[in-house]
Every structure is written in C-alpha cells, then in structure tokens.
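This report describes the fold elements of a single protein chain.

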Amino acid sequence: MDNPASRIRYPADLLGIIVCAVAMALVCVLVVIAHNTTQGLTEDVRAFATLLQRILFIPIALLQTILALFPPIAVGVDLLWRRHGGLLLQGLGAALVAYAGNGVIAILLSDFASDALLSGLVNLRSPTLPTMPGQVAAVTALLTAAAEPARRRLATWSWTLLWITVGVLVIMSSATLPGMGLSLLTGALVGLATRYSLGVASERAYGRGLIAGIRRAGFDPARLNRSSLVNLDGPASRRPRSQAPQFFADHRLYTMTTTAGQAYDVIVLDGDRQLLGLLSRWWRHLRSRAISARSVTSLRQSAERAALLTYAVRAAGVRAPEVLAITEAEDSMIFVREPIPPSDTLAALAPDDLDDGLLGDMWAELLKANRAGIVHRALTDQVFRVETQADGSRRLWLLGWETGDVASSDLALRIDLTQLLALLALKVGPARAVASAAAALSPADLKALGPLLQTPALPARTRAQMRDDKTLLSQLREGLVEQAPETEVAQQQIVRVGARTVITWLLTAIALFIVLTSFNLNAVSDALGRSDWRWALAAFGLGLVGVFGAALILVAFAPVRIGLAAAWATQLAASYVAVSVPAGIGTAGVNLRVLTKRGVSTSLATATAALIQVSQIGATALALVVLTLVTGANQAVPFQLTPAILAVIAALAVAGGVVFALPRPRTWLLDRVRPTLERTWPRLVELVSNPGRLALGLSGNLIMLLGYAAAFQAALMSFGQDLSLVSSSVAYLLGNSAGSAAPTPGGMGAIEAAEMAALGAAGVNAGVAASVVVVFRLATFWVRIPLGWLMMRALERRAVL
C-alpha cells in the first residue's frame with residue numbers, strides 16, 4: 001500500500017525565505033554603513049546610460065510594459081496548455097501580493113527610515129519615495145511561484161527579460177541599485193512563501209514511474225509494497241525484511257517480490273529531501289572535528305556515495321545487505337538491495353541474551369570496517385540485528401552505513417569504538433562492556449577511548465537513553481582506568497562549534513565592545529605616547545615572577561616530584577591555553593594533564609588541581625580583606641568606594657543572602673561546591689601534616705600575588721601615576737577577581753572593564769586608566785601567548801604534556 005504525495009513542500013523553499021529576509025536586512029545595513037560605496041557603484045553603472053540610449057531602440061516605458069505583460073501571458077498560456085490552472089492562480093496571487101507588499105515596504109521606508117537609508121534608496125526623479133519598481137517584484141513572485149520547472153523555455157525567456165529590464169532601469173536612473181535589490185528580494189520572498197505554504201506538484205517516482213525505474217534495473221516486480229515504519233524496540237522487529245527507520249526516515253522503503261518469486265528491498269531517495277541531508281551533514285561537520293567536509297551536492301552524488309560505502313563495507317568482510325542495482329526515475333534514485341533475514345534489533349534483546357560471543361562479534365564486525373578506513377558514525381541499538389538460524393546459531397548484521405565515511409581520520413575511527421563501548425554499557429553494564437573492549441582491542445586502542453567518553457561523541461539516540469543514568473560515562477572511565485591504569489581521562493576537544501563556544505565568544509564580543517566604547521580613544525592615544533617603555537618591560541618581567549609563584553604552588557601541592565623548571569614552563573604554557581577557555585580553567589587543565597602524565601591517578605590529580613585553585617582563591621580573598629582594612633585605616637590612601645562599587649557589593653550581598661535563604665538555590669550551590677571540597681579536603685589534611693610543603697605553597701601564593709600586583713603598579717608607573725602600592729594592589733585584586741568570574745576566554749573584556757572601574761574608583765583618569773589596563777594586559781596576557789605556545793610544543797616533545 002502506497003500513499004503518493006500529490007503536493008509537497010520543498011525544504012529549499014523555506015531556506016530561500018530565510019535567505020531573502022536576511023538579504024533584505026543586509027541591503028539596508030549596507031546602504032547605511034557603506035553609503036558612499038553603494039552610491040558610487042550605482043553612479044558607475046549609470047555611466048553607461050548615454051551609450052545605452054544610443055543603442056536602445058525602444059523607450060523605457062515600452063520595455064516596462066513588455067515586462068508587465070509578457071511573463072504573465074507566456075506563463076499563463078503555458079500553464080493552461082498543460083492544464084495547470086491552479087498553479088496559474090497561485091502565481092497570479094503571489095504577483096498581486098508582491099506588488100502590494102513592495103508598495104507597503106516603500107511607504108514604510110519613506111516614513112520611518114533614517115536619512116542615510118532613505119538617501120540610498122531614492123533618486124532625483126522621486127526624491128521622497130524609495131524607487132522600488134512594483135512590476136519587478138510582481139514578475140519575480142510570479143516566476144518564482146508558478147514557472148516550475150524553470151527549465152521550460154517560456155520560463156527561461158521570462159527570466160531573461162526580467163534581468164534585462166532590471167539592468168536597463170538601473171542604468172537609466174529609473175531605480176537605484178539597492179531599491180532594485182529590495183524589489184527583487186521582496187518578489188522572491190513572496191513567491192517562495194507561496195510555494196511553501198501551498199506546496200508544489202510532486203516529481204517523486206510513484207506508481208508506474210517507480211515500476212518503470214525498477215524494470216530498467218533488470219527486475220520484473222510482481223508485487224511492490226510500501227513498508228511501514230514499525231516500532232523496532234519490540235517483537236515487531238522480527239518481521240521479514242523490515243528495516244530500522246533511523247536512516248531512511250526521509251526516504252521510502254518497499255518490499256518487492258518479482259515474477260520469479262524472489263524477494264528484495266527497494267529504497268527510494270527523493271530529490272526534494274536532498275537539502276535536509278546536506279544541511280545535516282554541514283551542521284555535523286561544523287560541530288564535530290571528526291567529520292570532514294564532502295562536496296556532495298546532488299541526489300545522484302548522494303546515491304553514488306551510499307553505494308560506495310555499501311560496496312566498501314562488504315569488501316571489508318562486514319555482514320551487510322548487498323546493493324544489487326541503482327537506477328533513476330523522475331526526481332528519485334532507486335536502490336534494489338538483497339533482503340534482510342528475519343532478525344531482532346539489539347534494542348529488542350534482553351541483557352541476558354547478549355553473551356560474550358555476541359559482544360565479541362559486534363566488536364569484530366566494526367573492526368573489520370575500521371581497519372579498511374571506514375567509519376559508521378551512528379552506532380545505536382537499531383543498526384545491529386541478530387539473526388537466529390535454523391540450527392540455533394546466531395549471525396550478526398550491521399546496517400546503516402549510509403551515514404558513514406571512507407578514508408576516515410584516526411579521531412573518527414576512535415569515536416566509532418567509543419560509540420560501541422557506550423552502547424554496550426547501556427545494554428550489559430559498564431563492567432561487561434569494558435571487559436569486551438579489552439578482549440577485542442589492543443592496549444593502545446583501549447587507552448585512547450578515555451578522552452572521547454563524552455556525550456558529543458555519541459549518537460542522539462544513545463545520548464537520549466543515557467539521560468536515565470548520568471553516571472554511566474564516569475563508570476566507563478573508571479573501568480578503563482582499572483583495565484589500564486595509565487589511561488588518560490581528560491576530555492579531548494572534539495566539538496568544533498558548540499552552544500558553549502557561541503555563548504562564550506558572544507559574551508567576549510559584548511565585553512570588548514563595552515570596553516572599547518567606554519573610554520576616549522584620543523586620551524588613550526595621548527597617554528600611550530607619553531608612556532615609559534621601561535616600566536612596561538618591568539611589568540612583563542614582574543608578571544613572569546607571578547608565573548614563578550604559580551610554579552611553586554604546583555611543586556608544593558603535587559603528590560609526585562616535579563622540578564621547579566618544569567613547573568615554571570608548565571605554568572607559562574598555560575598562558576597559551578588561557579586564550580580559548582574561561583579564566584582559571586586553562587591552568588587547571590594543564591596542571592591536571594601534567595600530573596596524569598606523571599602517573600598520578602585521575603582522582604588524585606583532579607583533587608590536586610582543585611586544591612591549587614582553592615588555595616589561590618583563598619589567598620586572593622585574604623589579601624583583599626587585609627588590604628581593604630589597611631585602606632580604611634589609612635586616610636592617605638586615595639582609594640574610595642564609589643556609589644557604583646557600593647551598589648555592586650550590595651547587590652552581591654543580597655544575591656548571596658537570597659541563594660542561602662531559598663532551599664533550591666542553596667541546594668544547587670552546595671551540590672556544586674561539595675564535590676570540590678570533598679576532593680580537596682583529604683589533600684589539604686595531608687599537606688597540613690607536611691609543614692614544609694604547606695609553607696612552600698603559601699609562599700608561592702604570596703609571590704604570585706605580589707608579582708602581579710607589582711606588574712600592575714609598574715603599568716601605572718609607565719604613565720607617571722603616583723598611586724600607592726596598597727591602592728594599586730586593591731584595584732588589581734578587585735578588578736581581576738571580578739573579571740575572572742566572567743565566562744569569557746581568559747576573562748577578555750570583563751577583566752579590562754573591572755580593572756578600569758577599580759582604577760577609576762582610586763581616582764585615576766578614565767583615559768589613563770584604560771591605557772594602564774591595556775599595557776598591563778599586554779605584558780601579562782597577550783605577549784605571553786606566543787611564548788606559551790612555544791613552551792607547550794617543547795613540553796609535548798619531551799612528553800611532559
């Protein structure tokens with residue numbers, strides 16, 4: 001039973017609507033921002049007006065009349081001849097809506113647009129109303145909504161006439177270039193919206209067209225039935241030749257019986273669904289570093305790629321159904337494939353049904369493909385099928401290779417193994433899953449899975465199933481460490497662009513915009529010209545003293561021996577990492593990696609890194625309290641708590657009171673603080689029993705704070721600012737602490753704004769304060785990034801990182 005779709009909605013039309021709307025907004029923005037450029041371009045185009053007047057043998061008014069009459073008549077006659085009256089009415093309706101909408105937009109722009117925008121849309125002939133030809137918008141909407149397919153000759157002539165008229169109108173000063181662009185985009189938007197809302201005639205292969213395509217492939221069908229997408233998690237998955245819907249939900253699956261009584265599967269890929277596949281792959285490539293970009297643009301290329309993958313996996317020895325023929329019918333590609341025997345999906349099997357032999361077969365089938373450079377990318381409980389044969393033995397089938405790739409990277413191959421490990425953990429538990437992986441993989445491959453055990457590496461279905469047991473990945477990491485104690489579990493960066501990345505860089509851009517617009521550039525330039533480069537160089541050197549203090553902390557708190565030179569190099573290398581992660585996270589990650597490289601267990605290394613962070617936060621808070629008391633006792637210190645600072649302190653106090661007063665926020669905060677305290681407390685007790693190490697750690701914190709505070713003072717001195725060390729230290733600690741709390745990479749933008757505000761509270765001129773902060777951040781953050789990169793590469797070559 002088949003239900004042909006008489007009218008369909010193309011996803012490309014919806015994408016076109018969005019593109020047209022964005023393009024209209026960009027045209028308006030460009031008119032305002034690049035007014036001189038757009039105006040000059042229009043004038044350059046109009047330079048051909050004199051030449052055009054000599055060679056043009058018909059008046060412009062007549063050309064406009066032809067444009068208004070020829071496309072509707074030509075398209076109308078063509079559609080009526082083919083008995084498509086409904087499509088003609090659809091096109092004429094779109095043209096009327098576009099003409100009216102174009103006029104409404106012109107009126108709105110004349111009433112509400114800024115002078116800069118309006119001046120780019122009007123010409124001398126109509127100085128009050130934007131020149132947006134309504135007939136251009138109407139004809140564009142008509143051709144977009146009704147003249148399909150565009151390969152028909154009358155439609156081609158109509159589009160050609162439209163583009164000629166557009167060029168002539170712009171050259172002869174009857175319309176501006178931006179105004180003409182808005183009219184074209186308005187017509188295209190209305191035409192696409194009409195097509196998408198009402199749908200277009202389907203060009204998919206159904207009925208006789210589908211049968212004819214199958215016969216061209218060399219098969220004579222006696223019966224062809226559309227397969228329904230059954231629930232494959234239950235007993236229905238044993239239906240003969242039923243296929244998991246995960247990979248063919250956007251296409252059609254049929255079961256075919258030939259006149260000779262042989263059974264086959266028929267898969268039909270429709271061209272109107274091709275855009276969804278392209279966008280899906282582009283998005284996965286944008287998000288994941290393991291997916292490379294492929295230049296697959298047509299339905300035929302997609303079909304050829306799917307066939308290539310099927311042939312490649314079968315050549316590698318994987319048990320997968322064979323593609324017997326590929327053919328084309330109308331706007332569809334047809335696959336004829338051998339049927340899948342009656343079988344159970346992995347989702348339908350109970351954990352007790354999965355013995356060690358079957359688990360080993362799952363690893364073996366995947367490894368066959370991986371050794372040939374082929375990856376699957378979507379290993380779920382629907383792609384593994386278990387066939388029970390007449391003698392009671394079981395055979396494993398691995399399906400769904402349409403989502404895979406050939407010639408894959410090492411990262412992509414390891415992600416495949418990670419997906420299978422997580423899938424087995426869901427079915428049989430982490431212990432058996434790790435044991436089966438240890439039996440199938442080499443020690444090196446097993447250790448390489450630790451950094452990839454993270455949710456972005458898993459398919460959507462597996463991620464959804466893991467929501468019921470959020471500790472499963474942690475249990476898998478612990479199991480891997482038990483099997484191979486030297487396994488690294490620090491997560492590898494596999495997401496190229498994620499929601500956190502977008503939010504982080506958006507916040508950074510906002511913060512930098514606030515900083516760059518909050519001070520007078522002329523004052524900053526004058527101050528930089530008067531600065532003393534020797535003090536700036538001193539600020540850089542004193543910042544390195546702060547790095548030496550951080551190295552002492554690592555040496556003191558590390559459970560294994562780390563040389564002071566190696567520790568200092570490690571802290572300097574963290575400067576390179578800090579540019580891509582929030583403040584403090586980069587140093588903690590580098591410390592964790594150094595410790596695990598030296599054989600420290602993951603739990604102990606995490607506790608040590610957390611203890612270092614806690615000690616630095618505590619030292620900063622203690623220094624702030626002491627210096628604030630000194631500031632209050634010494635009236636000569638010119639640091640004052642301005643109303644703005646008092647308001648911020650009051651707001652923080654109120655927020656803290658609310659958090660601790662309400663049960664839910666208090667529980668949320670304690671749930672996040674308690675694990676850190678539980679990890680650091682045993683290490684802290686151990687350090688208290690070793691006064692030498694404790695004293696060394698406290699000394700490191702003191703040296704680090706003094707080094708950066710002195711660097712801040714040196715930046716002040718480079719501009720001749722006579723501010724006491726106590727006041728400058730308070731300003732540095734307040735600004736750095738407040739700015740580091742922002743989730744921007746390296747605290748960019750937030751630290752600068754907070755330190756400028758703190759200097760302003762100390763009485764420093766706003767322009768000079770901005771210059772001081774720029775010099776300080778250059779000396780202690782930006783200049784150290786290339787040094788950190790060099791140190792990172794040197795430490796990696798020596799296997800320290």
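## Basis of the model

The model is predicted, so that local features need pLDDT of at least 70 and side-chain atom pairs count only at pLDDT 80 or more, while totals for chains, interfaces and linings use all residues. Residues are numbered from 1 along each chain as its sequence is written, and side-chain values use heavy atoms, without hydrogens and water.

## Helix H1

An α-helix has 3.6 residues a turn, so residues three or four places apart point the same way.

Helix H1 covers residues 11-33; at 1.5 Å a residue, its 23 residues should span 33 Å, which agrees with the 33 Å between its end C-alpha atoms. The expected span is 1.5 Å times one less than the number of residues.

## The five-stranded sheet

Five strands form an open sheet in the order S3-S4-S5-S7-S6, with antiparallel pairing. Pairing requires at least two DSSP bridges between two strands. At the edges are S3 (221-226) and S6 (323-329), each pairing on one side only.

Strands S5 (residues 263-270) and S7 (residues 332-337) are joined by six bridges in the antiparallel sense; Leu 269 has Met 333 in S7 as its bridge partner.

## Overall chain

The protein chain holds 31 helices and 10 strands, taken as DSSP runs (helices H or I, at least four residues; strands E, at least two) numbered from the N terminus. Of its 801 residues, 46% are buried.

Note on methods
Buried < 20%, exposed > 50% of the residue type's maximum accessible area, 1.4 Å probe, protein only.
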